[in-house]
Amino acid sequence: MKCSKCGHENKPGSEFCSRCGAKLKLERPKKTGASKGNKIIIFLIVIIIILVIAIGLVLGMKSSKSGSNKTVVKTTAVSKKKKGQSSKGSQQSAASSAQQDTSANLKVSDLNTPELMSAAVALYGGKNINGLWSTFKDPSFVGSEISITTAQEQNVSEEGNGNFYNFSIDSHDTGMGYGGGIGYVLSNDGKMVYFYQIGVSPDSKIPPKLEVPVNDIVNWVNQNHMADTVRSLANRLYVK
């Protein structure tokens with residue numbers, strides 16, 4: 001350590017000059033290149049750490065967004081599936097109801113007893129034929145008893161299978177002055193119905209008021225949703 005006053009070289013760490021006694025000025029160590037290099041390394045490490053953190057945040061945001069999109073897509077898919085199942089269930093239910101409604105319809109083969117045939121004929125005649133037949137517009141006027149006589153005895157023009165089914169009218173006050181009675185004859189093949197209104201002691205063959213295929217009567221019953229009414233009426237009719 002050199003004295004600034006006399007120029008004497010003193011030992012490192014001395015506070016005073018050994019020659020002149022002057023107080024020595026401490027010399028600060030000069031900064032080396034190694035110190036600067038350390039600072040650069042530290043700076044680079046900090047930059048790298050910051051970049052890693054930034055990249056992690058970006059990737060985390062992308063992952064979160066992707067997960068959210070997948071959830072939305074999955075939820076939408078599930079919703080569509082449920083909606084499809086619900087729609088399919090509704091269609092199946094509607095189809096089932098339609099089948100039930102169809103099964104409730106009347107078929108020609110269902111009119112296999114005199115009571116069922118007479119019930120269908122009475123309702124059709126009441127709605128579609130004037131005169132005494134119109135009494136049966138109200139099914140409650142159809143009497144429970146149906147008597148069978150011969151078509152020849154009733155002197156009708158179409159004798160069909162030979163039987164004349166004669167309706168009775170329930171004891172309601174119809175307010176009508178028609179005399180005689182009403183009934184029908186089936187053709188030999190059972191496919192045609194002849195509707196008659198019979199007068200008192202007719203002198204000549206009585207023509208039918210109407211001739212209707214059995215199939216048309218069944219179609220009319222179904223179109224007017226009266227199949228259950230036919231069955232209900234048949235349950236209280238009896239043929240003798």
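Reader: How much of the chain is buried?
Author: Buried residues, meaning those under 20% relative accessible area with a 1.4 Å probe and protein chains only, account for 28% of the 240 residues in the chain. This is a predicted model, in which local features need pLDDT of at least 70 and side-chain atom pairs count only at pLDDT 80 or more, while totals for chains, interfaces and linings use all residues. Residues are numbered from 1 along each chain as its sequence is written, and side-chain values use heavy atoms, with hydrogens and water left out.

Reader: OK, and which elements does the chain have?
Author: The chain has four helices and six strands, taken as DSSP runs (helices H or I, at least four residues; strands E, at least two) and numbered from the N terminus. From the N terminus on, their order is α-α-β-β-β-β-β-α-α-β.

Reader: What order do the strands take in the sheet?
Author: The six strands form an open sheet with mixed pairing, in the order β5-β4-β3-β2-β1-β6, where two strands pair if DSSP finds at least two bridges between them. The edge strands, pairing on one side only, are β5 (210-213) and β6 (238-239).

Reader: And how do β3 and β4 pair?
Author: Strand β3 (residues 181-186) pairs with strand β4 (residues 192-198) in the antiparallel sense, over six bridges. Val185 has Tyr194 in β4 as its bridge partner.

Reader: Switching to contacts, what share joins residues at least 24 apart?
Author: With contact meaning heavy atoms within 4.5 Å, the share is 54% among contacts in the chain between residues at least 6 apart in sequence.

Conventions:
Buried means under 20% relative accessible area, exposed over 50%, partly exposed in between (1.4 Å probe, protein chains only).
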